[in-house]
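Subject: The structure you asked about

Hi there,

Here is the structure I promised to send over. Please open it alongside this note, and my findings follow just below.

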Amino acid sequence: MVVSVSYDNKARKQTKRFLSSKYGHYAVLLLVSLDVSCIFADFLISLFICDHTCAKGEPVSKKLPQAQDALGIVSLVFSCLFMVELLASIWAFGLEYFKSKFHCFDATIIIAGFVIDVCLKGVLEEAGSIVVILRLWRVFKIVEEFSAGASDEMDHLTQRNEKLENENADLKRELKTLKANEDGQ
């Protein structure tokens, strides 16, 4: 039992460290970027189909609806990956994760997107397109996280720079004192 608890704590800490790291942020940014690209591609295909069937009365290639079906499957895969990320975050950070309003909002978007991808089809799916817009919010989340991380790193670097400048000044004074003592002898 002790081994199990120790392994659980170690895995939880590693997950927390990864999700908080820049590589974790890059992974989520990559997933969000790919998801947004697929959403945009689906939107463009829908516009093309609508333009050719509604306005011009031309038949559309059968490949376009097949591409939309494939993008729907990809969207479901991304929804599942975002759910895994959410569950991993809750597991790693515990209920502390929900202390941030931003994380609460993000969790709501992830769950709503997952429900729409899994449960709603047809007309109801079109009504759920608002979640697509909300998914784009995740891009802003990632940008916000990077800017917060960059700000923290900048503060750290500023402090380190000040410390090194002070050490350099002390060493210069010490060298000047040593040279003065050497010249005085």
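First, some ground rules. This is a predicted model, in which local features need pLDDT of at least 70 and side-chain atom pairs count only at pLDDT 80 or more, while totals for chains, interfaces and linings use all residues. Residues are numbered from 1 along each chain as its sequence is written, and side-chain values use heavy atoms, with hydrogens and water left out.

**Salt bridges**

The structure holds three salt bridges (a side-chain nitrogen of Lys or Arg within 4 Å of a carboxyl oxygen of Asp or Glu). One joins Arg12 to Asp8, at 3.7 Å from N to O. Both of these residues sit in helix 1 (residues 2–20), four residues apart, or about one turn. Helices here are DSSP runs of H or I with at least four residues, numbered from the N terminus. Arg12 is partly exposed at 30% relative accessibility, and Asp8 is partly exposed as well, at 29%. For these labels, buried means under 20% relative accessible area, exposed means over 50%, and partly exposed is in between, with a 1.4 Å probe and protein chains only.

Another salt bridge links Asp170 and Arg173, whose closest N and O atoms are 2.2 Å apart. These two are three residues apart in helix 6 (residues 129–184), so about one helical turn separates them. An α-helix has 3.6 residues a turn, so residues three or four places apart point the same way. Asp170 counts as partly exposed, at 40%.

The remaining pair is Glu96 with Lys99, at 3.3 Å from N to O. Here Glu96 is exposed at 53%, and Lys99 is exposed at 64%.

Which residues does Leu71 touch, leaving aside its neighbours within four places in sequence? Leu71 is in contact with Cys38, Ala41, Asp42 and Ile45, where contact means heavy atoms within 4.5 Å. Leu71 belongs to helix 3 (residues 63–93) and is buried, with 16% relative accessibility.

Asp42 is in helix 2 and is partly exposed, at 28%. With neighbours within four places again left aside, Asp42 is in contact with Gln68 and Leu71.

**A nonpolar patch**

Phe40, Phe43, Leu44 and Leu47 make up a nonpolar patch on the surface, with about 400 Å² of accessible area together. Such a patch takes residues with over 30% relative accessible area and no salt bridge, joining nonpolar side chains (Val, Leu, Ile, Met, Phe, Trp, Tyr) within 5 Å and like charges within 9 Å. Accessible areas come from the Shrake-Rupley method with a 1.4 Å probe, and for residues only the protein chains shown count as cover. Leu44 is part of helix 2 (residues 22–55) and is partly exposed, at 41%.

**Helix 4**

Helix 4 (residues 101–119) has 19 residues and reaches 27 Å from its first C-alpha to its last. That is close to the 27 Å expected at 1.5 Å a residue, the expected span being 1.5 Å times one less than the number of residues. Its buried residues are Asp106, Ala107, Ile109, Ile110, Gly113, Ile116 and Asp117.

Best wishes
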